[in-house]
Amino acid sequence: MAKLYFNYATMNAGKTTMLLQASYNYRERGMTTMLFVAGHYRKGDTGLISSRIGLEAEAEMFRDGDDLYARVAEHHEHTTVHCIFVDEAQFLEEEQVWQLARIADRLNIPVMCYGLRTDFQGKLFSGSRALLAIADDLREVRTICRCGRKATMVVRLGPDGKVAKQGEQVAIGKDVYVSLCRQHWEEEMGRAAPDDFIGFAAIEAETCPQPCHAKTIV
Ligand SMILES: [Zn+2]
């Protein structure tokens, strides 16, 4: 039976590159894939999935209230679809995640979702919460913090270069996202108690080959 997959990570881990490569592998073998990307922050009907290393592909857009099962089932009736790919899956509604599960269960088409687990405040996105709850297969796409440890969190830097501590879940504009380990994320968010900074310094000296973070330790 086909499965519903959730490949999750923080920002800049290469999720989109993985998605485009996997879709390409299907198409290279003459198979048909359907690609979806969030339309919440895009205009028009056709979206573009593009990765940081220059790969791109056209995709259908999903927005709140869309019935993804109906769209795939209709397409599948006249052209056999071999795999569904969903980028920015964190923006799916809970009901849409169930629709994707039905695509796997009833149409027997595998569904590969790629997205962020948490936002800059460390809270689960709606789509990610539902996917973590019901996907058959959870895969973490790993990237590293500046200290070399696994990055699981993200901070958002505003146009002034400062870390945003509150605000909308998604900011459109010139904001930059930086992936960090949980410990450095807490430090950047100003959540570490003063006593903890002694601990940070000791751990950093041990694990970080370069004093990349020296200015905030002192
Ligand atoms: Zn770190």
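Trainee: Which residues line the second largest cavity?

Mentor: A cavity is a set of points, on a 1 Å grid over the protein atoms alone, where a 1.4 Å probe fits but cannot get out; lining residues have an atom within 4 Å of a point. Here the second largest cavity is lined by Ala9, Thr10, Leu116, Arg117, Thr118, Thr152 and Val154. This is a predicted model: local features need pLDDT of at least 70, side-chain atom pairs count only at pLDDT 80 or more, and totals for linings use all residues. Residues are numbered from 1 along each chain as its sequence is written.

Trainee: What volume does the second largest cavity have?

Mentor: A volume is the space filled by probe spheres set on the points, with grid points joined across faces, edges and corners. For this cavity the value is about 30 Å³.

Trainee: Which residues line the largest cavity?

Mentor: Tyr8, Ala9, Thr10, Arg117, Glu140, Val141, Ala151 and Thr152 line the largest cavity. About 40 Å³ of space lies in it.

Trainee: How should I read a pocket, and where does the largest pocket lie?

Mentor: A pocket is an open set with protein on both sides within 12 Å along at least five of seven lines. The largest pocket holds about 780 Å³ of space. Its lining has 32 residues, with Met11, Thr16, Glu88, Gln90 and Leu116 nearest its centre. Domain bounds come from an automatic or database domain assignment. Domain 1 (4-141) and domain 2 (143-200) both give residues to the lining, so the largest pocket lies between them.

Technical notes: Side-chain values use heavy atoms; hydrogens and water are left out.
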